[in-house]
Amino acid sequence: MRTAPAISPSRLANVVLRRTGSLTHARLGLFPVLTVIASAGVAVVAIGYTAGRLLLPIAPALFWLGMLVITVPILLRMLAHEASRTERISLILLMSMALFLVKVLHSPVDFTLFDEFHHWRTVDDIVETGHLFSANNILPASPYYPGLEIVTVALVQMGIPLFVAGNAVIGAAKILISLALFHLFEEAGASPRTAGLAGLVYMANPGYLFFDAQFSYESLALPFASTALFTLARLQNGKLTRGMIALTILMIGAVVVTHHLTSYFLAAILLVWAVTSLIRHDRHWRVPMVAAIGTIVATIVWLVTVASVTIEYLVPLFTGAAAEALAVLTGNLGVRQLFRPAVSEAAAVWEQLLGFGSVIVVSLTIPVGVFILIRRRRSNAIAVSLAGVSLAFGASLFGRFTERGAEIAARSNEFIFLGAAYVVALVVLLTVVDRRGRRRTGLVGGVIVMLIVLFGGFALALPPWARLPGRYLVAADPRSVEPQGIQTAQWMREMLGPGNRILTDRTNRLLLATYGRQHPISAAGDHVNVRAVFFARQFGPNEINRLREANVPYAVVDERLSSSLPFVGVYAERGELALTGPHRQPIDPVVLTKYDGQPGVDRVFDSGDLKVYDLSEAISDER
Amino acid sequence: MSGRQRVVGSISLVAAVVLIVWAANGLETVLAAMGLPFVLVLPGVALQKALFPSATGSESALLAISLGLGCVIVLGFVLNLTPGGLHATAWVISIFAVALVAFGVGLLRRPGGRTWLPPRPDSLVAVAMMCSVVILGSAFLIARLGVNEHSRPGFTQVWMLPGDTPSTVRIGVRNEEGRAEDFALRLDVDGQRVAEWSPLTLGPSQEWTTEASVPAREAGQAVMAEATLVRVDDPVTPYRTVHVRIAP
C-alpha cells in the first residue's frame, strides 16, 4: 500500500499561504483577515483574564493561547515574500494595537500598575490647580516632566474620563513608535520586509508589553525619541527640509520635557551616532552632531533649572547599582537569583527556558547581525550607529545579577532594542531568504527563532503572579489593588477631607494619593524617615516623637501584610531593607496592631483588614 | 463613488453618529467623544498639511501624530503661563487657532491637483473592521464582566467621627459583603451602653449613617465612645470596632 508522502512544514506553510489568496486584499494583502484573527486572540486573552479573576486554573493557558493567536499569523505573514510594504506597515500597527489591548484588558476599568498611580496624581493636581509643577510626593520627578500629563489633561478637561484619556494617549504613542521605527529602519537601509520584522522584534523587548504600555512618562517619551531618530536619519540622508528640522526640534524638546531617562539615552545614542559620523566623515555629519549637542544642552538646562529634584531621585539608583556590583565582585553580596521572585515559587520551567532562550538567541544573533549590517550598510551612518547601540545588550546582561542593576538593565532594554531589533531581524531573514529574495527551507527555523524571541520577551514582561488577575496578594502591585483598599481611600477623602499626612504601606500609599487625594508620607518625596515607626513593634515615645516631627496624624494599617512576604520585596518603600534587611518572614502581626489600646489613639475606621487610626492627640504637643 | 459623494457621505455619517449619541447619552457625551479627535487628531493633521503637504500614507500618519502630540505639549506650557492656566476653554481656543492657521497654510501649499478626501470605502476592509469591532467589544465586555464577578472576600466598613455639634458622634456602616446582612450596632461611652441599633439590615453596597449623642460624665470631661458591630447570627463576637475620644 502506498502511503501519502510526508509534507514538510515549509510546504504546508506555502499551501496555507496560497489557499488564502481568495481573502487577499489588492493593496493590504491578508491584513483584513489577520485583523479578525488578532481580535480573536485578544478576546481569548480577555477570557483568560476573566478566568484568572474567577480563580480558574485554565487562566494561564488561555492567556498564552491568545498570545499565540495574535502573534503567529502576523509573524508568518511578515516573513512571507508576497506582503507589500503597505501591508507590512499595517501588520506592525495591528500587532502593536493588539498587544496594547492585552495590557488594557488586564485592568479594563482603572489603572492598577505601580507607576500609573504616580502620573494619575500629577494629572489630578494639574486639573485641580490649572497649572503645572505642583509637588507630587509619591513621585517627585513626575510634575517636572509633564509631557504625558499635559496631553492627558487636555482630554480630561474636555470631559473624557482619566482612564480613557490616559489610554488614548498611550494608544496614540504606540502607533507613533511603530510607525517611527519602521521608517527609521528604512532610512537605515532596511527593506520593507526587514523593517517590518525588526518592528516585531522590537516588541520582544520585555518592557514593550506592559511597562511601556502603562500610563507613565516613558511610554510617551520613547515614541518621541524614536521619531526624533527617524527625522534625523531623514535629514542625514539628504532630505533637508524646514519642516523636518522643525519636527526634529519639537520631538527632542518633547523628549526632554517628558522623561528624564529617555532624554539621557537619546543623548547617548545621538552622541554615538555623531561620533561615528564624524570619524567616518559622513555626508551631513553635522546633523547628528548638532542634535546630540542640542539634546545634551536641553537636558542639562531642564534638569538644572526646572527638574533638579530628579537628581536625588536618580542618583541613588545608579550609585546603589554600582555599590551592589562592587559588593558582588568582592564577594560581600550574593548574586541575584534570576526568575526567583521575593516570594514563594519561581516561574514555571518552560517560562524560564523561554526567557533564557530569548536572551541567548538575541545575544548570539547580535554580533552576527552587526557584522552583516556593517558589511552591507557601512555607508549608512544610521545603520552603523544602530549596530553600535545593539552591542550594549551584552553589557546590560551583567547588571541583572544585582537588584539595582537588574532594574537599570530592565529600563535600558527599550533603548538597546532600538538597535538590536534591526540586527536580529537581519539574521532571522537570512535563514528564511537568500539575497535574491528566494525562500529558503529555513522558514520553520526562522519562525521558531522569532517565537522564542517574542515569547521569551512576553514571559519576561511581568512575573507570573502579576501577569494575570487573581486573588489578593501582599505588596504585589496590580494584585494588591482591590475594592477594600480603594473604598478606604475614598472614605478618607469624603469624611476627613483631602491632604492629610498619613503613614501607610506601599499599596495603600498609591490608593490614598489618587482615590483619596491624601498625602501619604514617602521618604523620597517628604524627606522624612518614618520607616522605623512603620516597622516598630510598639507605639512608644520614640515613635510618637518621630511622627510629631514629621507631622503625621494618621496611620492606615493593612493587617493582610502579615499573611505573606511582600511579592515585590518591600512592604512600605524602597530603602526599608536598609532597616530590616531582606524579609525572610512575613511582617509580625504585632507591628500592625501596635496602635490599638494606646492612649491618645482613636481607631476611626475598621473594614476588617484595613484600619484607620487618628494619632493627632497622641502626637500633640500637649502630651 | 466620486470625491464629492465621499465628502458628503463622510460628513453625513459623522453627523448621524453625533445625533444618535446626543439622543442616547446627552450633549456631554458628545463633547467628550469629540474631545478625543479634537485634541489628538485635529492639530496634528492640520500641521502635517501645513509643514509636509506632500506626505502620504503611513508617513503622513507618523507626522500627524507626532506633530499633534508635540503641539499640545507646547500649548500646555504656553497656557501654564497665562493667569487662567490649563482649562477647557483655553484648550478649545488654542487648538482651534492652531488648526485654523495650519489648515490655511496647508491649503496654500497643497500640491497641485491633490484634494483632501476621505479614503475610498472598501468592502473587504469594512467587513473585517466590523467583525473586529464586534469581537473586541465582546472582549471588553468579558473583561469587565470578570472585574464585576471577581472572586474576592467581601467586607463591611464601620466608622465613627466626632459629630458636627459637641457631644455627638457620627457613625456609619457600609455593607460590601456581596449579599444582604443583618447586623447589630452597639454604642458604649466609657463602658456604659448608651444606644443600640438592632437589627440593622443592609443590602449589598448599602450604607447606613446616624448621629448619636454622647453624654459626658461631668461637664468638661472627655469621654471614650466605642461602637461595636456584631452579626445577628453571632452577637458575642465583635465583627468591627471603632472608638473616638470626645473632648468637652
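1. A helix here is a DSSP run of H or I with at least four residues, and helices are numbered from the N terminus. In this predicted model, helix 25 of chain A covers residues 577-580, and A:Leu577 belongs to that helix.

2. A:Leu577 has a relative accessible area of 36%, so it is classed as partly exposed. Beyond its neighbours within four places in sequence, A:Leu577 touches A:Gly569, A:Val570, A:Pro582 and A:His583. The C-alpha atoms of A:Leu577 and A:Arg531 lie 9.9 Å apart, with the two residues separated by 46 places in sequence.

3. The largest nonpolar core contains 229 residues, and among those with the most contacts inside it are A:Trp491 and B:Trp91. A separate second core has 29 residues, including A:Phe534 and A:Tyr613.

4. How much area do chain A and chain B bury between them? The value is about 6,400 Å², with 73% of it on carbon and sulfur atoms. In this interface, 83 residues of chain A contact 72 residues of chain B.

5. One salt bridge is found across the interface of chain A and chain B. A salt bridge joins the side chains of A:Arg234 and B:Glu59, at 2.8 Å from N to O. Between the two chains there are also 22 residue pairs in polar contact.

6. On the side of chain A that touches chain B, helix 2 of chain A supplies the largest share, twelve residues. That side has 53 nonpolar, 21 polar and nine charged residues.

Notes:
Residues are numbered from 1 along each chain as its sequence is written. Chains are lettered from A and ligands numbered from 1 in the order in which they are written. This is a predicted model: local features need pLDDT of at least 70, side-chain atom pairs count only at pLDDT 80 or more; totals for chains, interfaces and linings use all residues. Side-chain values use heavy atoms; hydrogens and water are left out. Helices (H or I, at least four residues) and strands (E, at least two) are DSSP runs, numbered from the N terminus. Buried means under 20% relative accessible area, exposed over 50%, partly exposed in between (1.4 Å probe, protein chains only). Contact means heavy atoms within 4.5 Å. A nonpolar core is a set of buried Ala, Val, Leu, Ile, Met, Phe, Trp, Tyr and Cys residues joined through side-chain atoms within 4.5 Å. Buried area is the accessible area (1.4 Å probe) that two parts lose on being put together, summed over both. A salt bridge is a side-chain nitrogen of Lys or Arg within 4 Å of a carboxyl oxygen of Asp or Glu. A polar contact is a pair of N or O atoms within 3.5 Å; within protein, one must be able to donate a hydrogen and the other to accept it, and residues adjacent in sequence count only if both atoms are side-chain atoms. Ala, Val, Leu, Ile, Met, Phe, Trp, Tyr, Cys and Pro count as nonpolar, Asp, Glu, Lys and Arg as charged, and the others, Gly among them, as polar.
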